[in-house]
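Student: Hi! I have a new structure open and could use a guide. Can we go through it together?

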Amino acid sequence: TDGFFNYEAVQVSDGAVAVFPLNNGADIYAQKIDFDGNNIWPSNILVSGTNPRYSPDGNFYNFRNVYSVAVSDGVIVGWESNSDNKLYAQKINTDGSLAWISGGIKINSQNTDGFGGIFAVSIDNGALFFWKSTFDNYLYARYIDGSGNFPIAWVSQQIVNSTNQVHVNSN
């Protein structure tokens, strides 16, 4: 089994993409399924890259949780790394190819002891990730566009405070 790791599925125009752990959470895979239940991609797609990240206790858990959003030309998958407490994202194109660098793009930069909740929404063919750090109890946000870039307003992660204002964090 894969312990406490979650599974995710998101609907796309011609079916759904399921995101799931294998190897006790060391790898994140995805598969596209049509509305008749057939696999679309010839094999499962390794989303998380080939170099597993090791947790402080020596286990090679690559992630704790996954989050995915559909965009017009694929799916953006985010995951929480168990070893460095960072969020990573990877885009899967509609044909099953990976759009960004192997291992994904790091979303957050602050040091944290963990995450108190993470979610993502699809906006303008990109993904807006939100997370609460258990290190400082702030709610953070960062947008990544469909090309794997951070638009100028999102070059740094943002702190969303209790009055729903967004402030740039210099980390």
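Tutor: Happy to! Strands here are DSSP runs of E, at least two residues long, and helices are runs of H or I of at least four, numbered from the N terminus.

Student: How many bridges do strand 10 and strand 11 pair over?

Tutor: They pair over 6 bridges, in the antiparallel sense. Two strands count as paired if DSSP finds at least two bridges between them.

Student: What sits between the strands of that hairpin?

Tutor: There are 5 residues between strand 10 and strand 11, and N137 takes a positive phi near 60° in this hairpin.

Student: Is strand 10 mostly covered or mostly open?

Tutor: Mostly covered, with 7 of its 8 residues buried. Buried means under 20% relative accessible area, exposed means over 50%, and partly exposed lies in between, using a 1.4 Å probe and protein chains only.

Student: Before I go on, what kind of model is this?

Tutor: This is a predicted model: local features need pLDDT of at least 70, side-chain atom pairs count only at pLDDT 80 or more, and totals for chains, interfaces and linings use all residues. Residues are numbered from 1 along each chain as its sequence is written, and side-chain values use heavy atoms, leaving out hydrogens and water.

Student: Where is confidence lowest and where is it highest?

Tutor: Strand 13 (residues 166-168) is lowest with a mean of 50, while strand 7 (residues 87-93) is highest at 92. The protein chain averages a pLDDT of 78, and 73% of the residues score at least 70. That score is the predictor's confidence in each residue, from 0 to 100.

Student: Back to the fold. How many helices and strands are there?

Tutor: The protein chain has 0 helices and 13 strands.

Student: What about strand 2 and strand 3, how many bridges?

Tutor: Strand 2 (residues 15-22) and strand 3 (residues 27-33) pair over 7 bridges, in the antiparallel sense. A16 has I33 in strand 3 as its bridge partner.

Student: New topic: which residues have the most contacts inside the largest nonpolar core?

Tutor: They are I76, I107, F129, W131 and I144, in a core of 17 residues. A nonpolar core is a set of buried Ala, Val, Leu, Ile, Met, Phe, Trp, Tyr and Cys residues joined through side-chain atoms within 4.5 Å. A second, separate core has 15 residues, including V17, I28, V47 and V75.

Student: What does I107 touch?

Tutor: Leaving out residues up to four places away in sequence, its contacts include L87, F129, W131 and I144. Contact means heavy atoms within 4.5 Å.

Student: Last one: why does V71 count as buried?

Tutor: Because its relative accessibility is 10%. V71 belongs to strand 5. The C-alpha atoms of V71 and S122 are 6.5 Å apart, although 51 residues separate them along the chain.
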